[in-house]
Amino acid sequence: MDYEKLMEKAKEASTKAYCKYSDFPVGACILTKDGNAYTGCNFENASYGLSICAERSAAGAAIVNGERLFKAVAIYSPKMENCIPCGACRQVLSEFEAPEGTDIITYTQNGLRIYKLSELLPEGFKLVLD
Ligand code: THU
């Protein structure tokens, strides 16, 4: 699936956002290494801190379908150009980074912008137990 199509799916997912507190809808679509796409949207809570971002919602959808390697993640908000994942989502996505890396795709009026997750989160936490 090409990244334009992935962004279309993220955009569609943003229309399902439950964001009555922030009025800031976000949609995300994850493309896995196997070539499957999983969408998510943010869903907020009356206890604000319990709100879930679109990226983590999409990650859950991918994981429950047995996917573990994320090739790309498209993120879209109608409220903002270049809507880029928050720090918490960067860490969560890094858990499932494909060996070739994970592309983070954002929308701008001048076209899609592509980052590497490793560029947005250079020193992600990895648990090493001895
Ligand atoms: N949000 C996301 O879903 N993804 C992002 O990348 C940034 C922020 C959500 C969280 C909250 O529901 C709303 O946007 C405003 O912060």
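Analyst: This is a predicted model. A total of 15 residues line the largest pocket. Those that lie nearest its centre are F24, V26, N42, C53 and A54.

User: How much space lies in the largest pocket, and how does its lining divide by class?

Analyst: The lining of the largest pocket has 9 nonpolar, 3 polar and 3 charged residues. The space in this pocket comes to about 220 Å³.

User: Where does the ligand sit, and which residues surround it?

Analyst: The ligand is placed in the largest pocket. By class, its shell has 7 nonpolar, 2 polar and 2 charged residues. Around the ligand are S22, F24, V26, N42, E44, C53, A54, E55, I84, P85 and C86.

User: Which residue has a side-chain N or O atom 2.6 Å from an oxygen atom of the ligand?

Analyst: Polar backbone atoms can be set aside here: that of A54 is 2.9 Å from a ligand oxygen, and that of I84 is 3.3 Å from a ligand oxygen. The side-chain N or O atom at 2.6 Å from a ligand oxygen belongs to E55.

User: What share of the ligand's exposed area does the protein bury?

Analyst: The reference is the ligand taken alone, which exposes 370 Å². Of that area, the share buried by the protein is 77%.

Notes
Residues are numbered from 1 along each chain as its sequence is written. This is a predicted model: local features need pLDDT of at least 70, side-chain atom pairs count only at pLDDT 80 or more; totals for chains, interfaces and linings use all residues. Side-chain values use heavy atoms; hydrogens and water are left out. A residue is near a molecule or strand if one of its heavy atoms lies within 4 Å of it. A polar contact is a pair of N or O atoms within 3.5 Å; within protein, one must be able to donate a hydrogen and the other to accept it, and residues adjacent in sequence count only if both atoms are side-chain atoms. Accessible areas come from the Shrake-Rupley method with a 1.4 Å probe; for residues, only the protein chains shown count as cover. On a 1 Å grid over the protein atoms alone, a cavity is a set of points where a 1.4 Å probe fits but cannot get out, and a pocket is an open set with protein on both sides within 12 Å along at least five of seven lines; lining residues have an atom within 4 Å of a point. A molecule sits in a cavity or pocket if more than half of its atoms lie within 2 Å of its grid points. Ala, Val, Leu, Ile, Met, Phe, Trp, Tyr, Cys and Pro count as nonpolar, Asp, Glu, Lys and Arg as charged, and the others, Gly among them, as polar. Grid points are joined across faces, edges and corners, and a volume is the space filled by probe spheres set on the points.
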